[in-house]
Amino acid sequence: RIAAYLTDLLGMGFSGVRIDAAKHMAPDDLVGIFTKLRRNMGGSLPDDFVAWLEVLLGGEKDLLMCDPDSGYNYGSYLEDGLAAAGFDQDDINKIKIWNSGYPKEPDAGYCTISPVRNAIQNDDADQQTEGSTSRDMGDQGCVLIENCEADEHREFEIKLFEEPNGIQTSNDVDYPIRLVLSSYYWQGNSKGLPDGLSDCANCEVNCDSCQTTLKWEAYDKTSCGYDDEYTRPHRDLEVVNAMRGWMGLGDVTAADLGLSC
């Protein structure tokens, strides 16, 4: 049923998927799902297909990535399973692993596979929850909404594209998926979404303990990034140009984008 669902998505125009909490799906089961998807697509994955699996290491790098004989390995064990099911290397390379060891321990996120099969990022959504221990970035990254200044965060985002930790082959080849988190700041003690639906003014029952979250507009066509409500680092010109440089594109100016930054 999962393979059929993915087939429907591709039929509607999707190019790929992210599989959240993939480590809670056995590697052999993932091989089965992708094998059925490949069959449904005519025997090979589309040229533009990409999937990346969220495998949060959480202190279990040997079990999950580095020891192919662990019995629960998403490194070379999963890759060998795909090959045994008839996948060629091109199709295997389309199935990426989110490198949660990046930026502090990037080698832990590939170990027995090539970084060509990695997706990397600086801060992620799970880390925004106070007290989260999902990833230890040390001094190699920071979480923007958790006491990280915009200038410091910007440098880590630029590094993500210009010289990320753990490159083995070249910056043009390794880590073909690089992610920038655009999010929003918490409003006091409230952890609600600023979409207007978490405003206590809308509460009708059991309202005494309600913690309101006011509505903030997610889209601002004048934004130049690193704003005070929604964060929008993806609109910062230095980050944009670092990304463009990695993609082989020239720099743009604020005027080119119709902005007054």
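The following is a chat about one predicted protein model, its layout and some of its residues.

Trainee: Before we start, what kind of model is this, and how are residues numbered?

Mentor: This is a predicted model, in which local features need pLDDT of at least 70 and side-chain atom pairs count only at pLDDT 80 or more, while totals for chains, interfaces and linings use all residues. Residues are numbered from 1 along each chain as its sequence is written, and side-chain values use heavy atoms, with hydrogens and water left out.

Trainee: Okay, how many helices and strands does the chain have?

Mentor: The chain has seven helices and five strands, where helices (H or I, at least four residues) and strands (E, at least two) are DSSP runs numbered from the N terminus. Starting at the N terminus, the order of the elements is α-β-α-β-α-α-α-β-β-α-β-α.

Trainee: And what does the C-alpha trace span along its principal axes?

Mentor: The C-alpha trace spans about 55 × 50 × 40 Å. The chain has 261 residues, of which 42% count as buried; buried means under 20% relative accessible area, exposed over 50%, and partly exposed in between, with a 1.4 Å probe and protein chains only.

Trainee: What share of the contacts joins residues at least 24 apart?

Mentor: If we take contacts between residues at least 6 apart in sequence, 57% of them join residues at least 24 apart, a contact being heavy atoms within 4.5 Å.

Trainee: Let's switch to helix 7. Which of its residues are buried?

Mentor: Helix 7 covers residues 237–246, and Val239, Val240, Asn241 and Ala242 are buried there. Helix 6, residues 150–162, is included in what covers those buried residues.

Trainee: What caps the N-terminal end of helix 7?

Mentor: Aspartate 236 does, with a side-chain oxygen 3.1 Å from the backbone nitrogen of glutamate 238. Just after helix 7 comes glycine 248, which takes a positive phi of about 80°.

Trainee: What about aspartate 124 and arginine 135, where do they lie?

Mentor: Their side chains meet in a salt bridge at 2.8 Å, N to O. Aspartate 124 and arginine 135 are eleven residues apart, in the loop between strand 4 (118–121) and helix 6, and both aspartate 124 and arginine 135 are buried.

Trainee: New topic: where is the cis peptide bond?

Mentor: A cis peptide bond joins tyrosine 102 and proline 103, with omega at about 5°, and proline 103 is in the loop between strand 3 and strand 4. For background, most peptide bonds are trans, and most residues other than glycine have a negative phi.

Trainee: Which residues other than glycine have a positive phi, then?

Mentor: Cysteine 111 is one of them, with a positive phi of about 45°; cysteine 111 is in the loop between strand 3 and strand 4, and counts as partly exposed at 32% relative accessibility. Tyrosine 175 is another, with a positive phi near 50°; tyrosine 175 lies in the loop between helix 6 and strand 5 (177–179), and counts as buried at 0% relative accessibility.

Trainee: What is valine 116 in contact with?

Mentor: Leaving aside neighbours within four places in sequence, valine 116 is in contact with Asn93, Lys96, Val173, Asp174, Tyr175 and Pro176. Valine 116 has its place in the loop between strand 3 (95–99) and strand 4.

Conventions. A polar contact is a pair of N or O atoms within 3.5 Å; within protein, one must be able to donate a hydrogen and the other to accept it, and residues adjacent in sequence count only if both atoms are side-chain atoms. A salt bridge is a side-chain nitrogen of Lys or Arg within 4 Å of a carboxyl oxygen of Asp or Glu.
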